[in-house]
Amino acid sequence: MLLLFLAYLGGVLTILSPCILPVLPFVFARSDQPFRKSGLPLLIGMVVTFALIASLATVGGGWAVRANQLGRIAALILFGIFGLTLLFSSLAERLSRPIVQFGNRLSSNSDSGSPVLNSFVLGIGTGLLWAPCAGPILGLILTGAALGGASTHTALLLLAYAAGAATSLAVALFAGGRVFAAMKRSLGAEEWIRRILGVAVLAAVVAVAFGLDRGVLTRLSLTSTGGLEQRLVDRFHPANGPKRVTANQTIDISDNASDSVPTMLPSLSGATAWINSPPLTSQSLRGKVVLVDFWTYSCINCIRTLPYIKAWNQKYKDSGLVIIGVHTPEFPFEKDESNVRKAVHDLGVTYPVAMDNDYNIWRSFNNEYWPAHYFIDATGKIRFHHFGEGSYDESEKWIRELLEEANHKPLPNSAASVAASGAETAPDMDEIKSPETYVGYERAENFASPGGLNHDAPQLYRLPSSLTLNQWAFAGKWNDGSQIAESLTTGASISYRFHARDLHLVLGPAKAGTPIRFRVTIDGKAPGSDHGVDTDAEGYGFITENRLYQLIRQQTHISDRTFRIEFLAPGAQAYAFTFG
């Protein structure tokens, strides 16, 4: 019930967001009609349609997305006619085509037909066009659906969110209707009001048709609600979506068990496959000290913890320590068993790895982060856990403590020997001023190419005149999807203004087995000694598989630099930038 209220409140706040702007002309175009017969049915149609389409989309079926795109086109045509009939009152009389007559009937104030049904149909069209910003509250709902699967509860949450937005729109519509009525009484300006509303509707149609409702408007900030929404989420419902963590979060729960973390080692039966081991169970692990490491092989934060985990496995496995790497994927390619097996081999991981493609083990731990480490004693009790990188000395101290308890004798007083190189090297935390940045539009931020991102469709992009720190941009032809951006022409590139010692980019070829050559530059020049392990001094390298590529490792003074990667053949897929 609390989450339903939070979803409703998030919808109410939508009226303050610039993302609601394209919807307002369609709503206010009928503000001079009775609210019960016009405004209310329109808002109900809008709420039901948005909740239905959003619920179908959480299932992940591409057919739902395509169906909504067709519905958006039909709605744009309908509202274009609607706007023209508002703008030109004589248009319907001069034109006799059925579609124009239909639009005129929907927009007229005559008694013919059902005004309630007409308004409800317009509400359905508005719901098809509505693309609200995914702020923290809506993001929480959609992430929960992605992890837990679509359900009645998810649909109710989306319905509550849409109802909240409709509530604030209803208040605005009611107030707007009174204002328009007063203007007509005092000025006799009904015809001018109709024309102004017609212009507004047509402008909104153009904005939606060209993607401005999801591009430019999502980056405008009339009244930012993100901070308020995030405070509400943090206060009433701690975030439970997957997050990569760099900063340390260390919690000792040996005396006071957390409400969110189970007290005992949960079942491991939800794994979709096991690597380096037959399937393990919580019962078979009794008597062993267990370290469970949630990771995914393209996550730089996870990669940098591996030298320590491998060292602990080597030093303490004969003393009763069992390390289980729970590989919970972030990107689609990380669900492929052959990809994971290759990554496990290439990274030198020899301990058991459970593939958690369906997030079953993740949910059984109520986990939220990559990497996350859970320390379990010989009785199966979860004694400690740690999120993110760092605190390795303390983590090893916990391992030793639990082993000494289980074995009833002290261990030799020496730490595990850790060797790290390449991408596994510890980050220079003092110099990291650039955040992890996703290229897919679902979580993209700070995109700077003029016109914004075009969702799920080819687009020719160009660089802006300049980039500020942490802005990035495409050049050339790209197709940007929710998680993946694919280059469509030779010479397509990505530029990023960053500040960090290391720059990594998760990349892959669109066609397996087809290497793609690329070249990187820093401030327009070859990287030289600042090249990464996956590039040479001239900046050249090859994409051969889906994984994280280290492209830059600076050897000298760290400052704001402009990175550019140019793909010398089409078919490169980019996922996310990370820094170290």
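**Exercise 1.** Which residue lies over the face of tyrosine 438?

Solution. This is a predicted model. Find the ring of tyrosine 438. Arginine 443 lies over its face, at 3.9 Å from the ring centre. Now go to tyrosine 540. Arginine 517 lies over the face of that ring, at 4.1 Å from the ring centre.

**Exercise 2.** Classify the aromatic pair of phenylalanine 384 and tryptophan 398, and say what the pair ties together.

Solution. Start with the whole structure: a search finds 28 aromatic pairs. In the pair of phenylalanine 384 and tryptophan 398, the centres are 4.6 Å apart and the planes are at 5°. Planes under 30 degrees apart count as stacked, so this pair is stacked. Next, place the residues. Phenylalanine 384 lies in strand E9 and tryptophan 398 in helix H16, so the pair ties together parts that are 14 residues apart in sequence. Last, check burial. Buried means under 20% relative accessible area. Phenylalanine 384 has 2%, so it is buried. Tryptophan 398 has 3%, so tryptophan 398 is buried too.

**Exercise 3.** Describe the lining of the second largest pocket.

Solution. Take the volume: about 350 Å³. Then take the lining, which has 19 residues. Ile303, Asp346, Leu347, Arg547 and Leu548 lie nearest the centre of the pocket. Now look for elements. Helix H14 (337-346) and strand E18 (547-553) each supply at least two lining residues. Finally, sort by class: eight residues are nonpolar, five polar and six charged.

Technical notes. Residues are numbered from 1 along each chain as its sequence is written. This is a predicted model: local features need pLDDT of at least 70, side-chain atom pairs count only at pLDDT 80 or more; totals for chains, interfaces and linings use all residues. Side-chain values use heavy atoms; hydrogens and water are left out. On a 1 Å grid over the protein atoms alone, a cavity is a set of points where a 1.4 Å probe fits but cannot get out, and a pocket is an open set with protein on both sides within 12 Å along at least five of seven lines; lining residues have an atom within 4 Å of a point. Grid points are joined across faces, edges and corners, and a volume is the space filled by probe spheres set on the points. Helices (H or I, at least four residues) and strands (E, at least two) are DSSP runs, numbered from the N terminus. Ala, Val, Leu, Ile, Met, Phe, Trp, Tyr, Cys and Pro count as nonpolar, Asp, Glu, Lys and Arg as charged, and the others, Gly among them, as polar. Rings of Phe, Tyr and Trp (its six-membered ring) pair if their centres lie within 6.5 Å; planes under 30 degrees apart count as stacked, over 60 as edge-to-face and the rest as tilted. Buried means under 20% relative accessible area, exposed over 50%, partly exposed in between (1.4 Å probe, protein chains only). A charge sits over a ring if NZ of Lys or CZ of Arg is within 6 Å of the ring centre and within 35 degrees of the ring normal.
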